Amino acid sequence: MKLLKPAWVHHNGKPIFSVDIHPDGTKFATGGQGEDSGKVVIWNMPPVVREEDEKNEAIPKMLCQMDNHLACVNCVRWSNNGLYLASGGDDKLIMLWKRAAYIGPSNVFGSSSKLANVEQWRCVSILRSHTGDVMDLAWSPHDAWLSSCSIDNTVVIWNALKFPEIIATLRGHSGLVKGLTWDPVGKYIASQADDRSLKVWRTMDWQLETNITKPFDECAGTTHVLRLSWSPDGHYLVSAHAMNNSGPTAQIIERDGWKTNMDFVGHRKAVTVVKFNPKIFKKKPRNGSSNKPSCPYCCCAVGSKDRSLSVWLTCLKRPLVVIHELFDKSIMDISWTLTGLGLLVCSMDGTVAFLDFSQEELGDPLTEEEKNMIHQKTYGKSLAITTEQQLSTTIIENPEMLKYQQQQKELQEQKNAVGSRELMPPKVANMLNGESLEDIRKNLLKKQIETRTADGRRRITPFCIAQLDTGDFSTAFFNSVPITGALPSSVLSSHINQPQPSSDSNAAKSVSSKLTQDPPPATAKSAEDIPNKDGPSITSTSTAIPTSTQLLTSPSRIEPMKALDSRFTERSKATPGTAPISSAARQSDLERSKEQVLSKDLKLREVQESSSDSEEKIPASKISSLSKRKNDTEGEVVEKKKKGRPRKETKHTPVTTASQAIPSIEKEVSRVAAPLVVFKLPTPAPKKAFNIQVSTEPAMYIEVENEVPTVTGWKLSRLKCMREGKQWDTLLTSRILTAAGSCDLVSVACEERTVSVFSASGRRLLPAILLQSPISTLHCASHFVMALLATATLSVWDAKKQSVLVKDESLITILSGNDTTITQSLLTHHGVPVVTLSNGKSYCFNTSLCTWNLISDKQDSLVQCADYRSCLTSQEAMLCSGPLATVQGCGINAGRQAARLSSMPHVLQRGTTLAYLENQVAAAMTLKSSQEYRHWLLIYTRYLVNEGYEPRLRELCKDLLGPVHSSSSSQWESTVLGLRKRELLKEMLPVIGQNLRFQRLFTEYQDQLDLLKDK
């Protein structure tokens, strides 16, 4: 065991009340007292664990400091998936922190310039319910709930999937509640308070299961915290601050009958904190001993006010280790690493200590599968079991599935029997047309084609060379399976055993051939040697490919390098946009004709660039987002682009085979000769790596890493998506310029002018879409994808139905005037594209009418003059959210200039307000925003009733009621935007009834609705 006390972990001499290690072990958080507020600090773990990292000044020690709490922080806890950090303090608040997209280092507020935040963590939610100091927090084992306790004598259960919703408030303690712990299988939650009791609550109905008081009857005095803990096997619950024969103990409570017959004895003062190791251990078999399996046991650390720490194993009667006078003041909190071998302890004296154990000291930890098997054998199915590895043990709920499973098992057994018989015959020689594959390979190498680029560089065209052995990779494997850094071995074997005919280019084949010829170089850096420049990342849990067949370096630590284009060849600097022709039967005249086309293309591009100087004086579009945190329920907004000169795009010349050479060149000449485009929007510049936050609930991030090197030297681009702790990744051959996503899909635009669309789980939904020009902006909302191109054309696709909603629609119609630019673009939840211009006007494209509709104009006098304040019943009416509110701005005040418009004639005031409200109803209808349509329709109805517009009111009621007697000739639709019209009429009638002038109208339509109801 090693004991370390890193002096650099401190709160400037102030107490540290809580510590918690991140699940991935790369960082830890401390909470305590700041200068004049509560302080939460996130620290880097490697400098604590390794001395060389501590001495390396390039490795940061402090990652982020947050001073948002108004008073002392008593507890910090990471969620089990590592996405959230919860902190609670004396300000009665619970703050949920989440890592934000990297925007560069920022200084800690009020500090010198040397103290900088390496990571950006922002508060995504503040939970308010407690009326006293928050003392302890605990996440449920499946991250569905967050529990908090306070000196207000209550325990609050929060819905972690839908903050700030409260599931239950547990009342029963008569003293300050100072500790919480969850049963590892999710059945119970236990709390301990100053009322000398420990209560266990059921999670099924949130009622009290048992109340334990006997071990605490002799307790005198109080401790700052009472952090109790449940063993990982669920058998034992260990409390803090118990007494036995006037001596302080940590009481062991057995789950079976809640018996209190055992305790941890030895501390001289009250026990403040108990923490079980998350791992279950088994003894290491000694040499010469029997192979009889040992009984699993748990490990527990106990901290006390006597400033000492003890570590116990449940298989031993005495503690494994006791460290006296570890601190100058009481121990406040303990946290284990997820590996079970590291232990962090914090004290009220403002310091922390790290204990590093070895497996020889603690034992061999059980795997998660073995741990879950213990849970299942003991308690049935655990609520904590949610990983894919345990899906095979899930109960089958219907006979059809049971029958199918049995059939699949029988088929698998038959395949295994056939496969074993096929292995018997001797190996067949690798011959092709009487010639060995080795001779073919040598001849092909002699006939390799060598070309030279314009700058004199030599280029060798890759060939597909047949394999000598039959058991390794096949080209069909590369063409059918996305190349990832870590593939399940089952997937690998299934694709190797079932080769498919390949139709890909020689580039993909060359990867296969090169892998079979050349083993990976021994000098290649391992995953641990490559520095992680993008911070911690979640690694895949699937089985990795063996080293001999590894395609990529580790997905978690890859140093970005220069990317390759889709042909896997180095791009020529002298002739950007060109690519070598990869064909086995190349002709010299084809090369000459190709070079002529390229030279024409370059000359024409120079003409375009010189003629676009006047265009570049126009301000570049600023595609901005109202908020990155906005959920994509109604729309998704892209981030703001930087002002400046538009980046000049280099168009790639298509590569053809010899059989298609002449026709394709003619097409290329005709394409190059296309007329120049006047409107040019800015395009995103290639980056080595970037990430995007898609939504906060559910938490979803997209990470892009371009120029990922492979073992063979090729460079690819990696797309990684993380959602609520789960992640998937895929690889693309071209550099990714921009990405977008929604809860249903993820889309990326590549440098080759292609758009790829993937499902929420990473499955490709359709082949790459080739765009007419480079991408400017990409959006996703629901299952819709929108692409705004540099040539000011817009397209929207429905990925679910695989159909087009808007096809290459030009924005020239709305971009009137040289000074007009695009400031914002948006795609609604229903696939309606919205574009906001610099002149304050916003347009949406109506797919039914195939027209651009004006939905908002900030310079519109109707907006300034409308006064409908009397029609708003409550403040909630102004909180209606949706695409219309996003475009217009949520803070539109009714009658902002009403005070100055007092001199306006009432007739004119009525007219402007009526016109404005009708515009709002029509705009919400066009945007297909049902909630906003209902919101504005009710306001419009109230205004018609207040001002006495009977004809319009009657017409509106008539449309909503529809025909009383159904007929085949009727074209009346019973719903509008998914809302039932007659239900809307029911909401309107009470409003109409408020004005006695319309009592006949009210009675007429009320009777009609009653008649329809009786029918």
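**Notes on strands and helix pairs**

1. Pro709 has Lys715 in β41 as its bridge partner. This joins β41 to strand β40 (residues 700-709), and the two pair in the antiparallel sense over 8 bridges. Pairing here asks for at least two DSSP bridges between two strands. Helices (H or I, at least four residues) and strands (E, at least two) are DSSP runs, numbered from the N terminus.

2. A word on the basis: this is a predicted model, in which local features need pLDDT of at least 70 and side-chain atom pairs count only at pLDDT 80 or more, while totals for chains, interfaces and linings use all residues. Residues are numbered from 1 along each chain as its sequence is written, and side-chain values use heavy atoms, with hydrogens and water left out.

3. Back to the β40 and β41 hairpin: 5 residues lie between the strands, and Gly713 takes a positive phi near 100°. On to strand β42 (residues 726-732), which pairs with β41 in the antiparallel sense over 7 bridges. Within that pairing, Lys720 stands opposite Asp729 in β42. The hairpin of β41 and β42 has 2 residues between the strands, and Glu724 in the turn has a positive phi of about 50°.

4. How much of strand β41 (residues 715-723) is buried? Of its 9 residues, 8 are buried, so the strand is mostly covered, where buried means under 20% relative accessible area with a 1.4 Å probe and protein chains only.

5. Next comes an open sheet of 4 strands in the order β43-β44-β45-β46, with antiparallel pairing. Its edge strands, β43 (736-741) and β46 (764-770), each pair on one side only. From one strand to the next, the twist averages 15°. β43 and strand β44 (residues 745-750) run antiparallel and are joined by 5 bridges; Thr738 stands opposite Ala749 in β44.

6. Please look as well at the open sheet of 4 strands ordered β12-β13-β14-β15, again with antiparallel pairing. Here β12 (134-139) and β15 (166-171) are the edge strands, each pairing on one side only. Neighbouring strands of this sheet are turned by 15° against each other on average, direction ignored. Between β12 and strand β13 (residues 145-150), which run antiparallel, there are 5 bridges, and Val134 stands opposite Ser150 in β13.

7. Now the helices. The axes of α14 (residues 906-926) and α15 (residues 930-947) come within 8 Å and cross at roughly 155°. That makes α14 roughly antiparallel to α15 (an angle over 145 degrees). Axes are lines fitted to C-alpha atoms, for helices over the stretch in contact, and angles run from 0 to 180 degrees between N-to-C directions. The crossing of α14 and α15 is left-handed, that is, the near helix is turned anticlockwise from the far one by less than a right angle. Contact (heavy atoms within 4.5 Å) involves residues including Leu917 and Val921 of α14 and Trp936 and Tyr940 of α15. The contact residues divide into 13 nonpolar, 4 polar and 4 charged. Ala, Val, Leu, Ile, Met, Phe, Trp, Tyr, Cys and Pro count as nonpolar, Asp, Glu, Lys and Arg as charged, and the others, Gly among them, as polar.

8. Finally, α17 (residues 981-992) and α18 (residues 999-1014) pack at an angle of about 145°, with axes 10 Å apart. α17 passes α18 in a left-handed crossing. Among the residues that meet are Leu985 and Leu989 in α17 and Phe1002 and Tyr1005 in α18. The contact of α17 with α18 divides into 9 nonpolar, 1 polar and 2 charged residues.

How values were computed: Parallel < 35°, antiparallel > 145°, perpendicular 65-115°, else oblique. Buried < 20%, exposed > 50% of the residue type's maximum accessible area, 1.4 Å probe, protein only.
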